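Subject: Structure handover

Hello,

Here is the structure for you to look at. Please open it next to this email and follow along as you read.

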Amino acid sequence: MKIFVYNYREFDEAEYFQKFSQEYGVELGISKDAPTLENAHLARGYEYVSIITTRIDRALLEKFCEYGVKMLSTRTVGYDHIDTRAAKELGIHVSNVSYSPECVADYTVMLMLMSIRKMKRIMQREEINDFSLPGIQGRELPNFTVGVLGTGRIGRAVIRDLSGFGCKIYACDKHENEDVKAQAQYTDLETIYRECDLITLHMPLLEDNFHLIDRDAIAKMKDGVVIVNTARGGLIDTKALIEGIESGRISAAGLDVIEDEFGMYYHDRKSDVLSKRDLYILRGFPNVIVTPHMAFYTDQAVSDMVKNSLLSCMYHAEGKEDLWAVV
Ligand code: COI
């Protein structure tokens, strides 16, 4: 079978694309660029297309449809970048992938520890030989009550990791998982907001949870709450977050994702003037760590992303059950 791959990365994905395409007998077409209306024609003759997190709107889907594309597989867990409603209407199948949840779970715990140990300030001071103590006293995770929003594979891995620290863990999800109950207590959002010293987000971005963390939610949170987000920027109303940090209600934040990342991350934009004011504001706070959506980025995860995207297309082509089918 044939699969066209957009955003093909030579430096890290190529070895896995070579390995798995040979293993599965898949013929690849590749473009290093993101799919656009201008280069959608490259996928002509391919029924299966693999993409990452670039915006796939109705117009682009219509173009793909015109060129005979039957299925889009995103080499990512999240698929909020794809207009799945339009895809469904046009009869284009969409799938995502799963990959080792440890990459995001490890990174989340790292952001938690960096946030509560004031690591940004410690590192900034170290650079200028400021070895003083005032202002950098940290707090200890075993003394925390942590709220984990979302107990899918990543949320569960975070809970498992956190259980080793001895903190109290609350979890919240529409679908409760039995294994989680050994390490965390399921509760409602209100309790999490009221009781938790640290709240970490691990849910997909959907229409009904856009700006879940808004002014009202922040007003209900414990004074000095720490917020960690390695899921999707749209889960948090950035303006409300900034206000919460300015007022001191939020004492620290670790953000691997922010709203409106499209077109920015995974490119070298150092010489460009970016109109991303919220990013500059957040980055300017001494108690906020912003990283460019890197939590996924490990060798294991990249291998899984490539492998499972190819497998997903193959399962569909062979009429087998596609474990990652979305639409
Ligand atoms: C995902 O897989 O959903 C991610 O967040 C990582 C991706 C942006 C490369």
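In this predicted model, a polar side-chain atom of Y99 lies 2.6 Å from an oxygen atom of the ligand. That is a polar contact (a pair of N or O atoms within 3.5 Å; within protein, one must be able to donate a hydrogen and the other to accept it, and residues adjacent in sequence count only if both atoms are side-chain atoms). R232 also puts a polar side-chain atom 2.6 Å from a ligand oxygen. G78 uses its backbone instead: an N or O atom there lies 2.7 Å from an oxygen of the ligand. The ligand exposes 290 Å² when taken alone, and the protein buries 94% of that. These areas come from the Shrake-Rupley method with a 1.4 Å probe; for residues, only the protein chains shown count as cover.

A note on the ground rules. Residues are numbered from 1 along each chain as its sequence is written, and the model is predicted, so local features need pLDDT of at least 70, side-chain atom pairs count only at pLDDT 80 or more, and totals for chains, interfaces and linings use all residues. Side-chain values use heavy atoms, with hydrogens and water left out.

Which residues are around the ligand? They are T53, T76, V77, G78, Y99, R232, Y266, H293, F296 and M305. Each has a heavy atom within 4 Å of the ligand. The shell divides into 5 nonpolar, 4 polar and 1 charged. Here Ala, Val, Leu, Ile, Met, Phe, Trp, Tyr, Cys and Pro count as nonpolar, Asp, Glu, Lys and Arg as charged, and the others, Gly among them, as polar.

Back to R232. It sits in the loop between β10 (225–229) and α9 (238–247). Helices (H or I, at least four residues) and strands (E, at least two) are DSSP runs, numbered from the N terminus. R232 counts as buried because its relative accessible area is 14%. Buried means under 20%, exposed over 50%, and partly exposed in between (1.4 Å probe, protein chains only). R232 and L201 are 31 residues apart in sequence, yet 8.3 Å apart in space, C-alpha to C-alpha.

Now the strands. Two strands pair if DSSP finds at least two bridges between them. Strand β3 (residues 48–51) pairs in the parallel sense with β1 (residues 2–5) over 3 bridges. There, I3 has Y48 as its bridge partner. β3 also pairs with β4 (residues 71–74), again parallel, over 4 bridges. S50 and S73 are bridge partners in that pairing.

In a regular strand the side chains alternate between the two faces of the sheet. On β3, Y48 and S50 take one side, V49 and I51 the other, and all are buried. On β4, M71 and S73 point one way, L72 and T74 the other, and all are buried.

β4 runs parallel to β5 (residues 93–95), joined by 3 bridges. M71 has H93 as its bridge partner in β5. The chain gets from β4 to β5 through helix α3 (residues 84–90), in a right-handed β-α-β crossover. Right-handed means that, with the strands pointing away from the viewer, the path from the first strand over the helix to the second runs clockwise. β3, helix α2 (residues 58–66) and β4 also make a right-handed β-α-β unit.

Best wishes
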